[in-house]
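Subject: Structure for you to look at

Dear colleague,

I am handing over the structure we spoke about, and I would be glad if you read the notes below with the structure open beside them.

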Amino acid sequence: MSYDLRRYQDYESYWQTVMYVLLTMLGYHTEAERHTSEGSIDLLSRPPATST
């Protein structure tokens, strides 16, 4: 869990953590608090790679 997420003591961080754990367990590549030049993204996820 990132340092940025621990700074907040509200329900947003609770649900962000729940979604992070759920998506990670489902095999998604998940990042919390990704920093960009415009600010930060709360939660970013990509579906797992599939083979054809």
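Isoleucine 41 belongs to strand E2, which covers residues 39-46, and in this predicted model isoleucine 41 is partly exposed, its relative accessible area being 33%. When residues up to four places away in sequence are left out, isoleucine 41 touches Ala32, Glu33, Arg34 and Thr36. Glutamate 31 lies ten residues from isoleucine 41 along the chain, and the C-alpha atoms of the two are separated by 8.8 Å.

Strand E1, made up of residues 29-36, holds threonine 30. With a relative accessible area of 10%, threonine 30 counts as buried, because that value is under the limit of 20%. The side chain of threonine 30 comes to 3.4 Å from the backbone oxygen of tyrosine 28. Once neighbours within four places in sequence are set aside, the residues in contact with threonine 30 are Tyr20, Leu23, Thr24, Leu43, Leu44 and Ser45.

The aromatic residues deserve a separate paragraph. The protein has one aromatic pair by the rule applied here, formed by tyrosine 14 and tryptophan 15, whose ring centres are 5.0 Å apart and whose planes stand at 80°, so that the pair is edge-to-face; the angle required for that label is over 60 degrees. Tryptophan 15 is part of helix H2, which spans residues 11-25. Tyrosine 14, for its part, has a relative accessibility of 48% and is therefore classed as partly exposed. Both residues also take part in a nonpolar patch on the surface, in which Tyr11, Tyr14, Trp15 and Val18 together have about 500 Å² of accessible area.

As for the protein as a whole, two helices and two strands are present, and their order from the N terminus on is α-α-β-β. Among the contacts with a separation of 6 or more, 19% are between residues 24 or more positions apart.

With kind regards

Terms used
Residues numbered from 1 in each chain as written. Predicted model: local features only at pLDDT ≥ 70, side-chain atom pairs only at ≥ 80, totals over all residues. Heavy atoms only, no water. Phe/Tyr/Trp six-rings, centres within 6.5 Å; stacked < 30°, edge-to-face > 60°. Buried < 20%, exposed > 50% of the residue type's maximum accessible area, 1.4 Å probe, protein only. Helix = DSSP H or I, 4+ residues; strand = E, 2+ residues; numbered from the N terminus. Polar contact = N/O pair within 3.5 Å; in protein donor to acceptor, adjacent residues only side chain to side chain. Contact = heavy atoms within 4.5 Å. Patch = residues over 30% accessible without salt bridge, like charges linked within 9 Å, V, L, I, M, F, W, Y side chains within 5 Å. Areas by Shrake-Rupley, 256 points an atom, 1.4 Å probe, with all protein chains shown as cover. Salt bridge = Lys/Arg side-chain N within 4 Å of Asp/Glu carboxyl O.
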